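Let's learn to read a protein model together, one feature at a time. Please have a look at the picture first.

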Amino acid sequence: MPPRRTRLAALALATPLALGGCSSLAGLHDAPAEDTQGQSISDSAGAQVTQRVLGEVGVALDAEGKGSAKDRKTVLTGPALEAADAKVDVEQVEGEGAALAPSAEPTVIAVSKGTSWPRTILATSQQDEEQHLHVLVADSPRSQYRLYASVPMAAGATVPALAESDGAVEVPTKVGSKDLQPVARWAKAVSYPAPKSDPKGVAVDDPFSSALRTNAAKQADRLGDLASYKVSHQPSSDGMVFPLADGGTLTITTLTRTDTISAGEDAKELTLPDELTDLVGEDTVGDRLSVQHLETVAVVAPKGGDVTVVGASEQLSSAKGS
């Protein structure tokens with residue numbers, strides 16, 4: 001193989017010299033103009049990239065010891081990296097790992113439009129009969145695609161048609177608070193105690209939202225008069241927003257969920273569950289316990305319809321007692 005590569009390189013260098021000043025030679029034409037509005041990567045190439053990256057992510061998530069943090073940073077970015085690092089920090093390293101890689105080739109839903117950077121791939125894959133939604137990002141011509149986010153989709157959930165029929169969509173490179181308003185409205189709807197009136201245009205009957213509200217009510221009921229219980233969800237200031245064909249959006253972003261338990265007058269101390277003891281450093285706390293989770297959500301906000309979570313995951317990130 002090396003001799004062939006040498007010959008091709010020599011040919012490439014020689015060709016311009018042979019053609020220099022000969023623009024009128026028969027059969028030679030100007031190079032076609034680059035399509036700056038088409039797909040930044042083809043569907044087939046995007047599927048191959050997604051499968052390769054997911055495989056590399058699985059290996060990186062299984063890695064331990066010195067260099068494992070660098071391995072994760074090589075193939076992960078954004079919410080995916082944040083959640084993976086949090087999982088290691090709280091010593092919950094068992095779980096996904098190499099299982100993240102799908103056995104079949106992923107399906108590309110959309111890619112970013114044009115020739116600018118960063119570039120994005122939105123894809124799905126089937127893993128153990130569960131559909132997952134993935135976002136991959138390449139920041140520059142010198143960087144490879146990395147996994148930005150990956151969430152399991154709710155049973156029966158679908159991603160509506162995106163804005164462009166050819167699969168190339170405008171993906172904003174800067175996302176502001178206005179873009180994340182659908183997520184902020186959902187965050188308010190799943191807080192506890194529940195708001196006096198649910199935010200308009202938010203559906204909370206998906207499995208993730210329902211579980212959050214049900215579990216919060218059960219926890220508060222178990223604590224009774226011994227302690228007060230509060231749950232808040234703080235959206236990140238960044239995310240990925242994909243335009244839908246109906247004028248709505250699909251947003252993939254993170255939130256920090258904070259569960260706060262405050263002891264009442266009749267409670268001498270709060271006994272912690274085993275999974276929090278190591279994080280806090282004690283098995284009991286006196287007055288207050290705060291537990292944080294990283295939530296990664298895929299939120300559909302159709303034009304004129306209800307905001308709905310179609311995919312989500314959460315990761316314990318920290319706990320603090322006082």
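Predicted model: local features only at pLDDT ≥ 70, side-chain atom pairs only at ≥ 80, totals over all residues.

Q: What percentage of the residues is buried?
A: Of the 322 residues in the protein chain, 41% are buried. Buried means under 20% relative accessible area, exposed means over 50%, and partly exposed lies in between (1.4 Å probe, protein chains only).

Q: What share of the contacts joins residues 24 or more positions apart?
A: Taking contacts in the protein chain with a separation of 6 or more, 62% are between residues 24 or more positions apart. Contact means heavy atoms within 4.5 Å.

Q: How do I read the packing of two helices?
A: Two packed helices are described by the angle between their axes and the distance between the axes. Here, α2 (residues 43–62) and α3 (residues 68–75) pack at about 165°, and their axes are 9 Å apart. The axes are lines fitted to C-alpha atoms, for helices over the stretch in contact, and angles run from 0 to 180 degrees between N-to-C directions. α2 and α3 are therefore roughly antiparallel to each other. In these terms, angles under 35 degrees are roughly parallel, over 145 roughly antiparallel, 65 to 115 roughly perpendicular, and the rest oblique.

Q: Which residues of α2 and α3 meet?
A: From α2 come Val53, Glu56, Val57, Ala60 and Leu61, and from α3 come Asp71, Arg72 and Val75. By class, this contact of α2 with α3 has 5 nonpolar, no polar and 3 charged residues. Here Ala, Val, Leu, Ile, Met, Phe, Trp, Tyr, Cys and Pro count as nonpolar, Asp, Glu, Lys and Arg as charged, and the others, Gly among them, as polar.

Q: Is Arg72 buried or exposed?
A: Arg72 is buried, with a relative accessible area of 6%. Leaving aside neighbours within four places in sequence, Arg72 is in contact with Ala60, Leu61, Leu81, Ala84, Asp85 and Val88.

Q: How do I read a pair of aromatic rings?
A: A pair of aromatic rings is described by the distance of the centres and the angle of the planes. Rings of Phe, Tyr and Trp (its six-membered ring) pair if their centres lie within 6.5 Å; planes under 30 degrees apart count as stacked, over 60 as edge-to-face and the rest as tilted. By this rule there are 2 aromatic pairs. Trp186 and Phe208 are stacked, at 6.2 Å centre to centre with 20° between the planes. Trp186 is in helix α5 (residues 181–189) and Phe208 in helix α6 (residues 207–223), 22 residues apart. Both Trp186 and Phe208 are buried.

Q: What about the rings of Tyr192 and Tyr229?
A: Their centres are 6.1 Å apart and their planes at 45°, so the pair is tilted. Tyr192 lies in the loop between α5 and α6 and Tyr229 in strand β6 (residues 227–243), so the pair ties together parts 37 residues apart in sequence. Tyr192 is partly exposed at 24% relative accessibility, whereas Tyr229 is buried at 11%.

Q: Is Thr120 buried or exposed, and what about Lys320?
A: Thr120, in strand β2, is buried with a relative accessible area of 3%. Among the residues that Thr120 touches, not counting those up to four places away in sequence, are Ala110, Val137 and Met240. Lys320, in strand β11 (residues 308–321), is exposed at 65%.

Conventions:
Residues numbered from 1 in each chain as written. Heavy atoms only, no water. Helix = DSSP H or I, 4+ residues; strand = E, 2+ residues; numbered from the N terminus.
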